[in-house]
Amino acid sequence: MRALTDWVNERTGLGKVWEALMKRHIPEASGPKAWLYTLGSASLFVFAVQAVTGALLAMSYAPTPDHAYDSIRFIQERTVAGPIVRGLHHWGATFMVVLVVLHFMRVYFSGAYKYPREATWVTGVVLLLIVLGFSFTGYLLPWDQKAYWATAVGANIAGQTPFVGKYVSKVLLGGPEMGAATLTRFYAFHVLFLPGLILGGIALHLFLVVWHGITAPPGRRGKDGLAP
């Protein structure tokens, strides 16, 4: 087994990647504040759950106005563990938004966005916007009355943006009003476009976190933000 592990590490470098990710310096924190430094990892875990459950749901979902709602009922009533998978995906979306926002607040109020971590902060803000995009595009997919009218309100608000509003609304709706093209576009954004963006963003964000290290709690950090 050791020989196989050495062979893989020598040819892929996975051992060094493991050391960089799992054996890096973690700042000491005591009491409830220590849990604040787990928000980023918790967000990543929930994203992994969302990716797995989303892939399972996509196997039975039909992104057309005539069949979208019926496919949701099929998932709920006839697929193995369908209600559990959909429930995990539904509540996981909410938890992910909450965790990412809390992580955002922790970074801001602890001053972890300052030099030399400005790029880490920027990528984190972009990831927050992508997560909100996931929530918005995924809300329409059940294609029920609640999802339809909530999305219509959101598209109308986006359409009021100065200068570019009408173009944003047209991109979202796929035409002058909501219909089959809207559902297809939202589904494409939700399962193709946004996942590609968030995977690239997570990779860059994690690289910067590993490169600069995690900021020590205020009052216990040196010039580089790490514990002295």
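Colleague: In the protein chain, what percentage of the contacts with a separation of 6 or more comes from residues 24 or more positions apart?

Modeller: The model is predicted: local features need pLDDT of at least 70 and side-chain atom pairs count only at pLDDT 80 or more, whereas totals for chains, interfaces and linings use all residues. Residues are numbered from 1 along each chain as its sequence is written, and side-chain values use heavy atoms, with hydrogens and water left out. Contact here means heavy atoms within 4.5 Å. Among contacts with a separation of 6 or more in the protein chain, the share from residues 24 or more positions apart is 67%.

Colleague: What percentage of the residues of the protein chain count as buried?

Modeller: Relative accessible area, computed with a 1.4 Å probe on protein chains only, sets the classes: buried under 20%, exposed over 50%, and partly exposed in between. The C-alpha atoms fill a box of roughly 60 × 50 × 35 Å along the principal axes. Of the 228 residues, the buried share is 31%.

Colleague: How is α4 oriented relative to α6, roughly parallel or roughly antiparallel?

Modeller: Axes are lines fitted to C-alpha atoms, for helices over the stretch in contact, and angles run from 0 to 180 degrees between N-to-C directions. For α4 and α6 (residues 82–109) the angle is about 155°, with axes 8 Å apart. Angles under 35 degrees count as roughly parallel, over 145 as roughly antiparallel, 65 to 115 as roughly perpendicular and the rest as oblique. The angle therefore makes the relation of α4 to α6 roughly antiparallel.

Colleague: How many charged residues does the contact of α4 with α6 have?

Modeller: From α4, the residues that meet α6 include Val46, Phe47 and Gln50, while those of α6 include Arg86, Met96 and Arg106. Ala, Val, Leu, Ile, Met, Phe, Trp, Tyr, Cys and Pro count as nonpolar, Asp, Glu, Lys and Arg as charged, and the others, Gly among them, as polar. The contact has 13 nonpolar and eight polar residues, and its charged residues number two.

Colleague: How many nonpolar residues are in the contact of α4 with α10?

Modeller: Helix α4 (residues 39–58) and helix α10 (residues 180–212) pack at about 155°, with axes 12 Å apart, which means that they are roughly antiparallel. Leu44, Phe47 and Ala58 of α4 meet Tyr187, Ile198, Leu199, Ile202 and Leu206 of α10. This contact has no polar and no charged residues, and its nonpolar residues number eight.

Colleague: Which residues are in contact with Met178, leaving aside its neighbours within four places in sequence?

Modeller: Met178 is one of the residues that touch the most other members of the largest nonpolar core. With neighbours within four places in sequence set aside, the contacts of Met178 are Leu140, Trp143, Tyr148, Thr151, Ala152 and Leu173.

Colleague: Which peptide bond is cis, with omega near 5°?

Modeller: The proline concerned, Pro116, lies in the loop between α6 and α7 (118–139). With omega near 5°, the cis bond is the one from Tyr115 to Pro116.

Colleague: How does Phe163 count, buried or exposed?

Modeller: Phe163 is placed in the loop between α8 and α9. Its phi is near 70°, a positive value in a residue other than glycine. Because its relative accessibility is 80%, Phe163 counts as exposed.

Colleague: What is the relative accessibility of Ala81?

Modeller: Ala81 is found in the loop between α5 and α6, and its phi near 60° is a positive value in a residue other than glycine. Ala81 counts as partly exposed because its relative accessibility is 37%.

Definitions and conventions:
Helices (H or I, at least four residues) and strands (E, at least two) are DSSP runs, numbered from the N terminus. A nonpolar core is a set of buried Ala, Val, Leu, Ile, Met, Phe, Trp, Tyr and Cys residues joined through side-chain atoms within 4.5 Å.
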